[in-house]
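Follow the account below with the sequence and the model side by side.

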There are 4 protein chains.
Amino acid sequence: MNKNRLEAFSDGVLAIVITIMVLEIKFPSGDEWTDLQPLIPVFLSYTLSFIYIGIYWNNHHHMLHTVTKVNGKLMWANLHLLFWLSLIPFTTGWVGENSFAAFPMAVYGIILLMSAIAYFILQRLILHSQGPDSILAKALGKDLKGKLSPIMYLLAIGASWIDPAISGAIYLFVALMWLIPDLRIEKMIIAETD
Amino acid sequence: MNKNRLEAFSDGVLAIVITIMVLEIKFPSGDEWTDLQPLIPVFLSYTLSFIYIGIYWNNHHHMLHTVTKVNGKLMWANLHLLFWLSLIPFTTGWVGENSFAAFPMAVYGIILLMSAIAYFILQRLILHSQGPDSILAKALGKDLKGKLSPIMYLLAIGASWIDPAISGAIYLFVALMWLIPDLRIEKMIIAETD
Amino acid sequence: MNKNRLEAFSDGVLAIVITIMVLEIKFPSGDEWTDLQPLIPVFLSYTLSFIYIGIYWNNHHHMLHTVTKVNGKLMWANLHLLFWLSLIPFTTGWVGENSFAAFPMAVYGIILLMSAIAYFILQRLILHSQGPDSILAKALGKDLKGKLSPIMYLLAIGASWIDPAISGAIYLFVALMWLIPDLRIEKMIIAETD
Amino acid sequence: MNKNRLEAFSDGVLAIVITIMVLEIKFPSGDEWTDLQPLIPVFLSYTLSFIYIGIYWNNHHHMLHTVTKVNGKLMWANLHLLFWLSLIPFTTGWVGENSFAAFPMAVYGIILLMSAIAYFILQRLILHSQGPDSILAKALGKDLKGKLSPIMYLLAIGASWIDPAISGAIYLFVALMWLIPDLRIEKMIIAETD
C-alpha cells in the first residue's frame with residue numbers, strides 16, 4: 001500500500017474540515033456593527049478549532065514522515081482519527097452559537113478527547129511496527145504533551161459544570177502547548193540524516 | 001492517460017463526500033443534553049456512512065494499485081462509481097433525520113446497491129484488461145464478499161417494509177464484513193514483489 | 001511554473017464542484033415516497049451537471065497532458081474556466097428546484113456557453129504556444145465538437161422561451177456527444193510514443 | 001519536513017475556499033429574471049473574491065517555488081495566511097447580501113488587510129531564511145505592489161464611511177494590479193536556470 005495516497009487523503013479531509021467550518025459562521029442579515037457582535041463567540045470558537053486542526057495536520061505530517069510500510073490496520077486507525085476530527089466543525093458551530101455554554105463546551109472536550117485517543121492509537125501502531133529504536137520513538141521520548149492532553153481534556157469536560165470559562169481556558173492552554181510544532185521529531189530527523 | 005490524476009481526483013471526491021456529510025448534522029439551537037438527543041440517529045447514520053466511504057476508499061485504493069493503463073472507459077466507470085457514492089451524504093442525512101424510517105432506509109440501500117454495481121463494473125473492466133492471471137484476478141479469487149454484498153443490500157431493501165431495524169442490521173453486517181481491508185490483494189502484491 | 005500544481009489545483013476545484021452540488025439536494029422532512037417525488041427534477045439536473053463536470057475534467061486532463069510550459073496567461077485562462085464551472089452547482093440547484101422552468105434553463109445554458117468559451121480560450125492559448133504540428137493540434141483536427149457545442153448552447157438558450165424541454169434535450173445531446181472521451185488525443189499520444 | 005505536503009495542503013484549502021463561496025449564492029425561489037436581479041451584487045462580490053483567491057494562489061505558488069527548507073515557523077505562518085483567506089467566503093457573502101453596504105465593505109477590507117499582513121510575514125520568513133541574494137529577494141526588488149496593497153486596503157476601509165463605492169473601486173484596482181502574475185519571479189527563475 002502506498003503511503004502517499006494515505007497522506008494525500010488525510011490532507012484532503014483535514015483541508016476540507018478546516019475550511020468548511022467557515023460555513024457554520026452564518027453572516028447576519030443586518031449590516032451594522034451591532035449585527036456582527038453576536039458572532040464574536042462564533043469567530044473565537046472558529047479560531048480555536050482552526051488552530052487545533054492545524055496542530056493535528058502538523059503532527060500527523062511529522063508522524064507519517066517516519067512511516068515506511070502502510071497496512072490495513074494503520075489505514076483504519078488513520079480513518080478513526082479523521083472521523084473524530086470531522087466532527088469538530090459540528091461542535092465548533094454549536095459552541096459558538098451558544099456562546100460557550102456549559103454542555104456544548106463539554107461536548108467540544110469529548111470530541112477533542114476522542115481525537116487525542118485516536119491519535120494515540122495511531123501513534124502506538126506506528127511505534128509498534130518500527131521498534132523502540134526508531135526515529136519516532138526517540139523523538140517522542142516520554143511523550144509528555146501526548147499524555148497530558150487527554151487528562152487536560154477530562155479536566156475541562158468536568159470543569160464545564162462549574163464554569164465553562166475554565167474549560168475554555170484549558171482548551172486554549174493545550175492548543176498553545178502544541179502550537180510549538182513537534183520540533184523533537186524534526187531535530188531527530190536532521191540528526192539522523194547527518 | 002495518467003493513473004495518478006485519476007487516483008488524485010477519486011481521492012479528492014471521496015475526501016469531500018466523507019467530510020461534507022458532517023454539514024448534514026445541524027446543531028440544535030438549545031444547549032442542553034435533551035437538545036442533543038434527537039441527533040443520536042443522525043450521528044449513527046453518519047458513522048455508518050463514514051465507514052462505508054472508508055471501505056470504498058480502501059478497496060478502490062487497492063484495486064487501482066494494480067492498474068497500469070487508464071483509458072476513457074475506465075475513467076467513466078470510475079466517475080459512475082463516484083456518482084453513486086456522492087449521493088450517500090443525501091441519504092445519510094435523510095435516514096438520520098427520520099430516525100431510520102422504512103422508506104429512507106430502503107433508499108439508503110438502493111444507493112449502496114448502485115454503488116456496489118458501479119464498483120463491480122469498474123472491477124470487471126480492470127480484470128478484463130489484465131487477463132485471468134493478473135494479481136487482481138488472483139487476489140479476488142471467487143470474490144465472495146463482492147457477490148454477497150449486492151444480495152444483502154437487496155434483502156435489506158425488501159426487509160425495510162417489514163422492519164427497518166432488520167435493514168439497519170444488514171447494512172452494519174456488510175460494513176463489518178468489509179472493514180477487514182482487502183488483505184487478499186495486499187498478500188498477493190507482497191508475494192509477487194518477493 | 002509547475003504544471004503539476006496547476007493540474008492538482010484544477011482537480012481539487014473540479015472535485016469540490018462535482019461533490020458540493022449534492023448539498024443543493026435538500027432531503028425532504030417527510031419519509032414517504034411522495035415526499036421524494038418533488039426531488040426528481042433536482043436529481044435529474046444533478047445527474048446532467050455531474051456528467052458535464054466529468055466531461056470537463058476528462059477533456060481538461062487530456063489537454064493539460066500535452067502542456068509542458070505553464071505561464072501566467074495560461075494560469076489565468078485556467079482560473080477563468082474554473083470560475084464558470086464553479087457556478088454550475090448554483091444553476092443546477094436553481095433549475096432542479098424550479099422543475100426545468102424556462103428562465104433557469106436559459107441561465108443554465110449561459111453558464112455552459114461561458115464555460116465552453118473559457119475552455120476554447122484556454123485551448124487556443126495552449127495551441128498557440130505549441131505550434132500547428134503539435135500533438136494537440138493534430139488531435140483536435142477541425143475540432144467539430146468544440147465548435148458545435150457553443151452553437152448548440154445558443155440554440156438551447158433561445159429555445160427555452162418556446163419550450164424548456166427542447167433546451168433540456170439539447171443539453172443532454174451535447175453531453176452524450178462529449179461523453180465519448182476525447183479519444184483523438186489519446187490515439188495521437190499512443191502513436192507518437194510508439 | 002516536506003514542501004510538497006505544505007503546497008498540497010495549501011492548494012487544497014485554497015481550492016475549497018474558492019469553491020465553497022458559491023454555496024453562499026442562494027438561488028431564489030422564483031424562476032423569473034426579476035428573481036435573479038437581487039443576486040447581482042452577490043455575483044459581483046463572488047467574482048471579486050474569486051479573483052483575489054486566484055491571485056493569492058498564484059503568488060503563493062510562485063513564492064513557495066523558491067523555498068527548499070520547510071520548518072515549523074513557516075508552516076504556522078502559512079496556516080496563519082490560510083486562516084484569514086478562509087474568512088473571505090464569509091465576508092463575500094455578507095457584502096453581497098447587503099449590496100455593498102458600508103460596514104460589510106469595511107469588514108471585507110479588514111480581512112483583505114489581515115491576509116496581506118499574513119502574506120507579508122510569510123514572505124519575510126522565507127526571505128530571511130534565503131538571504132539577500134536569493135531568487136525571491138531579487139525578484140521582489142522593492143516589492144512596491146506588496147507595500148502598496150495594505151495602504152490601499154486601509155484607505156478603502158476608511159473610505160467605506162464616506163461612500164462604500166470608493167472602497168469597492170479600490171478593491172477592484174488592487175485586484176487588477178495583481179492580476180498580472182508575479183512575472184518578476186518567473187523571469188528571475190528563467191534567468192537563473194539558463
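Helix 1 of chain A covers residues 3-20, and its 18 residues should span 26 Å at 1.5 Å a residue, which agrees with the 26 Å between its end C-alpha atoms. The expected span is 1.5 Å times one less than the number of residues. Helices are DSSP runs (H or I, at least four residues), numbered from the N terminus. The model is a predicted one, in which local features need pLDDT of at least 70 and side-chain atom pairs count only at pLDDT 80 or more, while totals for chains, interfaces and linings use all residues; side-chain values use heavy atoms, with hydrogens and water left out. Residues are numbered from 1 along each chain as its sequence is written, and chains are lettered from A and ligands numbered from 1 in the order in which they are written.

Helix 1 of chain A is mostly covered, with 15 of its 18 residues buried. Buried means under 20% relative accessible area, exposed means over 50%, and partly exposed lies in between, with a 1.4 Å probe and protein chains only. The areas come from the Shrake-Rupley method, and for residues only the protein chains shown count as cover.

The next topic is charge pairing. A salt bridge is a side-chain nitrogen of Lys or Arg within 4 Å of a carboxyl oxygen of Asp or Glu. Over all chains, eight salt bridges are counted by this rule. One of them is between Arg5(A) and Glu7(B), whose closest N and O atoms are 3.5 Å apart. Arg5(A) lies in helix 1 of chain A and Glu7(B) in helix 1 (residues 3-20) of chain B, so this pair joins two chains. Arg5(A) counts as buried because its relative accessibility is 6%; Glu7(B), with a relative accessible area of 12%, is buried.

Arg5(A) also forms a salt bridge with Asp11(B), at 2.6 Å from N to O. This pair again crosses between chains, from helix 1 of chain A to helix 1 of chain B. Arg5(A) and Asp11(B) are both buried. A salt bridge is likewise found between Asp11(C) and Arg5(B), at 2.6 Å from N to O. That pair runs from helix 1 of chain C to helix 1 of chain B, and both Asp11(C) and Arg5(B) are buried. Through shared partners, salt bridges join Arg5(A), Glu7(B) and Asp11(B) into one network.

In chain C, Val42(C) is found in helix 3 (residues 40-65). Its relative accessible area is 5%, so Val42(C) is buried. Val42(C) and Val95(C) are 53 residues apart in sequence, and their C-alpha atoms are 7.5 Å apart in space.

What remains is the surface. Patches are made of residues with over 30% relative accessible area and no salt bridge, with like charges joined within 9 Å and nonpolar side chains (Val, Leu, Ile, Met, Phe, Trp, Tyr) within 5 Å. Trp33(A), Ile40(A), Phe43(A) and Leu44(A) make a nonpolar surface patch of about 380 Å². Helix 3 (residues 40-65) of chain A gives the most to this patch, with three residues. Ile40(A) is placed in that helix, and at 40% relative accessibility Ile40(A) counts as partly exposed.

A patch of positive charge on the surface gathers Lys26(A), Lys26(B), Lys26(C) and Lys26(D). Lys and Arg count as positive and Asp and Glu as negative, with His and the chain ends not counted; a charge is placed at NZ of Lys, CZ of Arg, CG of Asp or CD of Glu. Lys26(C) sits in the loop between helix 1 (3-20) and helix 2 (33-36) of chain C. Lys26(C) counts as exposed because its relative accessibility is 53%.

Key
Accessible areas come from the Shrake-Rupley method with a 1.4 Å probe; for residues, only the protein chains shown count as cover.
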